[in-house]
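Hi everyone, thanks for making time.

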Amino acid sequence: MTKPFFLPLLSLLLALPFSSQSPENPNPNPPTAAHVELTRYGFPIGLLPASVRAYTLNETSGDFSVDLGGSCRITLPPDNYLATYSKKVKGKIVQGRIAELDGIRVRALFKWWSITGIKSSGENLVFEVGVVTAKYPSKNFDESPECEGKHSSS
Ligand SMILES: *[C@@H]1O[C@H](CO)[C@@H](O)[C@H](O)[C@H]1NC(C)=O
């Protein structure tokens with residue numbers, strides 16, 4: 001006995017985009033101007049949570065400041081490190097390099113560590129915690145994460 005109702009179901013499944021890397025987040029947020037700015041400097045949008053309220057960038061010095069509207073907690077791929085973003089994240093950005101970063105911390109080895117800088121080679125991101133670095137494929141950061149511990153709605 002054939003089951004013809006499988007056919008429309010199958011074509012529906014095939015029509016779904018397979019590009020999404022996180023099935024638990026089927027509606028990725030559209031990038032804000034700050035996210036677009038990140039990509040201009042060679043970084044993936046997933047470095048910033050979706051909840052960007054405002055940002056400033058001095059294109060001469062590279063000094064930037066991102067207002068997230070409140071502190072924010074997310075889980076970083078691929079190793080599921082817990083990370084917190086301060087209400088305000090600041091630093092200095094040039095092509096492929098973020099330095100003097102202030103406002104992003106990750107939980108590892110039972111301690112909170114401040115991420116002080118991030119380098120991008122296009123293919124990979126290198127996170128700097130003081131003199132310690134950790135390298136991850138940039139494609140893990142293709143989507144802006146949703147804040148888990150948001151203090152205000154957006
Ligand atoms: C941008 O940075 C440059 C170089 O540090 C500085 O001279 C200028 O005053 C800054 N502009 C603003 C609007 O802060």
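Let's start at the ligand: one of its oxygen atoms sits 3.5 Å from a side-chain N or O atom of Ser 61. For Asn 58, the distance from a ligand oxygen to a side-chain N or O atom is 2.4 Å. A polar contact here is a pair of N or O atoms within 3.5 Å. Around the ligand you'll find Asn 58, Thr 60 and Ser 61, where "around" asks for a residue heavy atom within 4 Å. The ligand on its own exposes 360 Å², and the protein buries 24% of that, going by Shrake-Rupley areas with a 1.4 Å probe.

Quick background: this is a predicted model, where local features need pLDDT of at least 70 and side-chain atom pairs pLDDT 80 or more, while totals for chains, interfaces and linings use all residues. Numbering runs from 1 along each chain as its sequence is written, and side-chain values use heavy atoms, without hydrogens or water.

Now, the strands, which are DSSP runs of E, at least two residues, numbered from the N terminus. Pairing takes at least two DSSP bridges. Strand β7, residues 117-120, runs antiparallel to β8, residues 124-129, with four bridges joining them. Across that pair, Ile 118 faces Phe 127. Three residues link the two strands in a hairpin, and Gly 122 there has a positive phi near 90°.

On we go to β9, residues 132-137, which pairs with β8 through six bridges, again antiparallel. Leu 125 is opposite Tyr 136 here. What sits in the turn between β8 and β9? Two residues separate these strands, and Gly 130 in the turn has a positive phi of about 65°.

Terms used: Polar contact = N/O pair within 3.5 Å; in protein donor to acceptor, adjacent residues only side chain to side chain.
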